[in-house]
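Thanks for sending this one over. Here are my notes, in the order I would go through them with the model open.

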Amino acid sequence: MKLKITIAGILFFGMAYAQHGANQVYTNQNPYNYKNTNGFQNAEKVSYNDDGITYRIAILNNVKPDSYMVTLGLNDEALSVKDCNAKINKRLDGFKSALKKMGIKEEEMFVDFISQTKIYDYKSSTASSQINITQVEKGFEIKKNIIIKLKDASLFDRLIDMASEHEIYNIIKVDYKKTDTEKIYDEMLSEANEVLKSRSKVYDKFGKRDFEEMPQLSVNFYSIQPGKQYKNYTASESSDISYYNEYYNSNKVMIRKEQRKDKTFYYDGIDIDSFDKIMNPDSPIVGIQYVMEFTITYKTKKKPKEETKKLYHIITPNGDVRTLDLKN
């Protein structure tokens, strides 16, 4: 029986990209490896033995998001809870009104109450030579977050400008959203099909064999948010300072002040070396990365066992051997 390919992908054993070193060489080299719980990344691409043949295919897709969920945080303090809540709500109401002028709807905003805590300070008093320090209540602090849906990344700068006008400076996180994940799944499955079609030629090269009609199929599909893929480094060179024994024996005090060294953050997507196909590889847009791990196994068709025919013989009184026919 010929091998029946029911699902397929293109033969793409590896991809290599040239890249200048740039300042990223200052970072600790700890590349982000995509999540896999079954050792998929280190498994053989094709396994062919007496039991059958297994193909493992990994597809990576760089996808531009449809929208963004931006979370901003703010807090306020006052002597009473009522006054504190009124102050923070006034800032939120003003910010929300400004957002509506940008075209952001009420249902595209959500205020999340985070915490309400007491604030403490210290009060000191002096009696003779004794100083008493006592902890006292100073008021209350309330923290809230506002979550905003942005359909266009170009609105982000305006959003941050408006937030600062209402004393909102804490940008907590940005989540990337994509709605048509089923379409992405189908597109990546189609690419896996093409890889499988080409890779299955190994079957013709190493010999024919009959396989079971239905293969065993496993597909692992998931996405990775950009926020998990940023790295940082501090690029600087500094002179060395030698300390002499004379310094420690003197009464002089040396103060060394370091210059500020900027820390650089940059997006470093998933390592592409283990993938058979990269979709949208040349896009500079920071987006969502989708991963498909595709495994299909064709089991060798077992030959039916031949029925063992039992023969019975008898010896006649005169010494002849005759076969006993049990059908009659």
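1. Let me start with Glu 141, which sits in strand 5 (residues 130–150) of this predicted model. Glu 141 is buried, yet it has no salt bridge. Its nearest side chain of opposite charge is that of Lys 143, 4.2 Å away.

2. What does the side chain of Glu 141 pair with in a polar contact? The partner is the side chain of Asn 75, at 2.9 Å. Leaving aside residues up to four places away in sequence, Glu 141 touches Asn 75, Asp 76, Glu 77, Cys 84, Ser 115, Gln 116, Thr 117 and Ile 119.

3. Next, helix 2 (residues 156–165), where Leu 159, Met 162 and Ala 163 are buried. These residues lie on the same side of helix 2, because they cover an arc of only 105 degrees around the axis.

4. Where do the buried residues of helix 2 pack? Their partners are strand 3 (67–78), helix 1 and strand 5.

5. Two backbone angles are worth a look. Glu 167 follows helix 2 and lies in the loop between that helix and strand 6 (170–177). Its phi is near 60 degrees, a positive value in a residue other than glycine. Ser 128, in the loop between strand 4 (109–127) and strand 5, also has a positive phi near 60 degrees. Ser 128 counts as exposed because its relative accessibility is 75%, where the cut-off is over 50%.

6. Finally, confidence. The mean pLDDT of the protein is 81, and 77% of its residues reach 70 or more. Helix 1 (residues 81–101) has the highest confidence, with a mean of 96, while helix 5 (residues 245–248) has the lowest, at 54. Over residues 1–22 the pLDDT stays under 50, and the model has 60 contacts beyond four places in sequence for them. Residues 29–34 are below 50 too, and that stretch has 20 contacts beyond near neighbours in sequence.

Terms used. Residues numbered from 1 in each chain as written. Predicted model: local features only at pLDDT ≥ 70, side-chain atom pairs only at ≥ 80, totals over all residues. Heavy atoms only, no water. Helix = DSSP H or I, 4+ residues; strand = E, 2+ residues; numbered from the N terminus. Buried < 20%, exposed > 50% of the residue type's maximum accessible area, 1.4 Å probe, protein only. Lys, Arg positive; Asp, Glu negative; His and termini not counted. Salt bridge = Lys/Arg side-chain N within 4 Å of Asp/Glu carboxyl O. Polar contact = N/O pair within 3.5 Å; in protein donor to acceptor, adjacent residues only side chain to side chain. Contact = heavy atoms within 4.5 Å. pLDDT = per-residue confidence, 0-100. Arc of directions from axis to C-beta.
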